Amino acid sequence: MTADLSQHIAGLDALELSHRERQSLASRIWARTWPMLSAIALVLAVWELVVLSGWRPEYVLPGPFTVLADLWNRLGEAEFYQAVAVTMRRAVTGFAVAVLVGLVVGAAVSRVKPLRAALGSLITGLQTMPSIAWFPLAILFFKLSESAILFVVVLGAAPSIANGLIAGVDYTPPILLRAGHILGLRRLALYRHVILPASLPSFLSGLKQGWAFAWRSLMAGELLVIIAHQASIGEQLDNARELSDAPGLLATMIVILVIGIVVDMCFGAADNALRRRWGLDQGVG
Amino acid sequence: MTAPIQELRPGRTDGHEPAVRLDAVSKVYGRELLALDQVTLSVDRGEFVCLLGASGCGKSTLLNLVAGLDRPTAGEIDTREARIAMMFQEPALFPWLTVSGNIELALRVTSSGKTTKKERQARAKELLEIVHLADFGHKRPHELSGGMRQRVALARALAQEADVLLMDEPFGALDAMTRDLLHDELERIWRERELAVLFVTHNVREAVRLGDRVVLLSSRPGTVIEDFPVTLPRPRRTDSAEVAELASTITDRLRQEVLRHAQPAAQRPAGTGIEK
């Protein structure tokens, strides 16, 4: 009887398990890259057409090939890498501080009711405030220094990160809370084993949004707060404008765009990995 | 509104030791909504009690009260400091943990951290063997079928070393064949571990298949209206004539109860919300 039962069960289990086959690595990479490559090709073509139409003279709007050649030259110069390194150091420092602040504020606000009433809408309000509006105050506080830039980067990114955590805590599935309660998890243990892991996807999208705000604030900051003897991407952009170096200006803009996209793709990959592990990616496709 | 029928049955006192005792328990939501009205009920150690009722009878409310997820408005619930585990209609497994990890977490909380990780892993493997899932410990919950996940949930409940197992329509979402197998599984585990089980269902045959007693609840507010002892020999089959006969007696009683709520003016369909 028992052997019979377990065989029955094994049979049903084997029938019920879905066998999802994963495509090969090469075909997955190709499936993701070809739309991107076509989009780039399309943008370059439209750009070239606009240049050919003579809407603006070539010294104002150079064609894509001139700009890409300029970019290629820059990639061979040490100065370019120093500038990128300075900018990325600021981005990483600012973002790290923002994550820390966002975590602490988000955790406190999601847990303490009066704090939520007091700060909940303020955090969302801060999120909608254009970061450039903070710079006059930041410069007043910190003079023309890196601290002024970091101050604004943190203010730009932290609200999104805090909001991501708060939303994640709020939308923890009630059934999981009940399950945790039944298991005997209370207060901090419930937080650690159920609420925090459950809010991870929302926190991750908060991080992603926070990064976008941080990057924008950083670029605004580097254009406004130019520190002597310290090359940065924003400073290069400003230089190019002053020297009417249109190819250099556009090349720098491409660098800013590419860095933003690459970091965003990293967050996207983390998000995908999480969804796959948790089985949130099923149902469609 | 018609007044609820008050037909209180005292908990059994014939030498049995109750694991859970509810004494005139009422639950009011908000100001008006009386969900449970003076429910008196007891479940002995090692007894399997099925709670049956139409929609709105407060079955789930009752379980939540016993589980301590909610507090009664009036009356007393005595669980004698029994350890209580609960299964829901959904498996409610944590998606960020593996199957084994889910069970290890339950073991860790139950032992208040006095076990090593190795011990918990070994114990989780034993528990998974009980529900015939020993080979699936490394999988994630979403990789298993609904029936398998529900068995993991059962293993997790067993990990709590509970004396009382509350089950809130745990097999409601499963197909008939899987459900049959899980009934056999549950019966075997219940016997081996001498659990007190309080099993909520709206499926009359399931109640008769599993229960030592089938307790019928009325709707809005929920009160105990009848307590059917089931003396059929085990193991029973859901499709046997004896089970069908008792099920139809209980269904008739349930129909009467549902009809009491039919309002002449309203053009309601005659369905009872009950699976026969």
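Modeller: We will take helix packing, then the chain contact, then a sheet.

Modeller: This is a predicted model, where local features need pLDDT of at least 70, side-chain atom pairs count only at pLDDT 80 or more, and totals for chains, interfaces and linings use all residues. Residues are numbered from 1 along each chain as its sequence is written, while chains are lettered from A and ligands numbered from 1 in the order in which they are written.

Biologist: At what angle do the axes of helix 4 and helix 10 of chain A cross?

Modeller: Two packed helices are described by the angle between their axes and the distance between the axes. Here helix 4 (residues 78-111) and helix 10 (residues 200-224) of chain A cross at roughly 135°, their axes coming within 10 Å. Helices (H or I, at least four residues) and strands (E, at least two) are DSSP runs numbered from the N terminus; axes are lines fitted to C-alpha atoms, for helices over the stretch in contact, with angles from 0 to 180 degrees between N-to-C directions. Helix 4 and helix 10 of chain A are therefore oblique to each other (under 35 degrees is roughly parallel, over 145 roughly antiparallel, 65 to 115 roughly perpendicular, the rest oblique).

Biologist: Which residues meet there?

Modeller: Among them are A:G94, A:F95 and A:A98 in helix 4 of chain A, and A:W211, A:A214 and A:W215 in helix 10 of chain A. Contact means that C-beta atoms, placed from the backbone, lie within 7 Å. The residues of this contact divide into nine nonpolar, four polar and two charged (Ala, Val, Leu, Ile, Met, Phe, Trp, Tyr, Cys and Pro are nonpolar; Asp, Glu, Lys and Arg charged; the others, Gly among them, polar).

Biologist: How many residues of chain A are in contact with chain B?

Modeller: 25 residues of chain A are in contact with 26 residues of chain B. On the chain A side, helix 1 gives the largest share, eight residues. That side divides into 14 nonpolar, seven polar and four charged residues.

Biologist: In what order do the six strands of the open sheet in chain B run?

Modeller: Strands of a sheet pair through backbone hydrogen bonds, either parallel or antiparallel. In chain B the order is 5-6-7-3-8-9, with mixed pairing (strands pair if DSSP finds at least two bridges between them). The edges are strand 5 (84-87) and strand 9 (224-229) of chain B. Strand 6 (residues 164-168) and strand 7 (residues 196-201) of chain B pair in the parallel sense over five bridges, with B:V164 opposite B:A196.

Technical notes:
Two residues are in contact if their C-beta atoms, placed from the backbone, lie within 7 Å.
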